[in-house]
Amino acid sequence: LSPARFKNAMATDNKYDRQLRLWGANGQKALMEARVLLLGAGPAGTETLKNLVLPGIGSFTIVDGADVTAADLGNNFFLEESCLGKKRAECVTALLRELNEHVSGSYIAEDISEVLTARPDFLHSFTLVIATQTPMAELRRISALCAARTATSALARRDCRHAARPLPMPRARAPSPPPPSSPPLPYPKHL
């Protein structure tokens, strides 16, 4: 977005007024320039993407090779009964586009593994990568591709730093004893 086009968009459209007060014109400009990739159009991913489409990201792409099933209809608000048997990425993209006319959306109805095999640099054009319902092996591959990109330049670090990474599970700890200065609480005798 050119500065003049951005100012004109903001001057003529008060749609984003609350957001502008929250994070200012520079924050809204960054949001409007964001290119978001969603891997897996399940309920968590589509709800997350909805929350980015409404405030006005620049564009989004959904990569999902699955067909819509009856189970999807019961847990994903962005699928309708008429979508049964169609590609999930296509149906979700169409309904998300309806939420904000200023956001462009596209889809690729393939699994991410197929896309990355054909185009290893595919992730490089996105500023945010959201991975849901993705097997651990693919998450590691996506993470490695994004991490490799961040090592090549500062701009690339900004572009692909948000790939989903598995978080280590915290170890269970034994409860700590009460501090020595506090006496134990008395229990009522009737219990």
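The legends below describe close-up views of a predicted model.

Residues are numbered from 1 along each chain as its sequence is written, and side-chain values use heavy atoms, with hydrogens and water left out. In this predicted model, local features need pLDDT of at least 70 and side-chain atom pairs count only at pLDDT 80 or more, whereas totals for chains, interfaces and linings use all residues.

**View 1. Overall architecture of the chain.** The chain has 8 helices and 4 strands (DSSP runs numbered from the N terminus: helices are H or I with at least four residues, strands are E with at least two). From the N terminus on, the order of elements is α-α-β-α-β-α-α-β-α-β-α-α. Of the 191 residues, 36% count as buried (under 20% relative accessible area, with exposed over 50% and partly exposed in between; 1.4 Å probe, protein chains only). Among contacts (heavy atoms within 4.5 Å) between residues at least 6 apart in sequence, 60% join residues at least 24 apart.

**View 2. The four-stranded sheet.** The strands form an open sheet in the order β3-β2-β1-β4, with parallel pairing (two strands pair if DSSP finds at least two bridges between them). Because β3 (104-108) and β4 (128-131) stand at the edges, each with a single partner strand, one side of each is left without a neighbour in the sheet. The twist averages 15° from one strand to the next (axes are lines fitted to C-alpha atoms, for helices over the stretch in contact, and angles run from 0 to 180 degrees between N-to-C directions). The parallel strands β1 and β4 are joined by 4 bridges; Leu39 has Ala131 of β4 as its bridge partner.

**View 3. Helix α3 on the sheet.** Helix α3 lies across β1, β2 and β4, and runs at about 170° to β1. Its buried residues are Gly45, Thr46, Leu49 and Val53. They cover an arc of only 90° around the axis, so they lie on the same side of α3 (the arc is that of the directions from the helix axis to the C-beta atoms). The cover over these residues includes β1, β2 and α5.

**View 4. The enclosed helix α5.** Helix α5 packs on the sheet, where it touches β2 and β3, and its direction makes about 175° with that of β3. Since 7 of its 10 residues are buried, α5 is largely enclosed by the rest of the structure. The buried residues are Arg88, Ala89, Cys91, Val92, Thr93, Leu95 and Leu96, and what covers them includes α3, β2, α4 (70-75) and β3. Leaving aside neighbours within four places in sequence, Leu96 is in contact with Thr46, Leu49, Lys50, Val53, Phe60, Ile62 and Phe78.

**View 5. The nonpolar cores.** The largest nonpolar core has 21 residues, and those with the most contacts inside it are Val36, Leu49, Ile57, Phe60, Ile62, Val92 and Leu96 (a nonpolar core is a set of buried Ala, Val, Leu, Ile, Met, Phe, Trp, Tyr and Cys residues joined through side-chain atoms within 4.5 Å). At least two residues of this core come from each of β1 (35-39), α3 (43-53), β2 (59-63) and α5 (88-97); α5 gives the most, with 5 residues. A second, separate core of 15 residues includes Ile112, Val115, Leu116 and Val129.

**View 6. The surroundings of Val68.** Val68 is placed in the loop between β2 and α4 and is buried, with a relative accessible area of 4%. Leaving aside neighbours within four places in sequence, its contacts include Leu73, Leu79, Leu84, Arg88 and Cys91. Cys83 lies 15 residues from Val68 along the chain, with 6.3 Å separating their C-alpha atoms.
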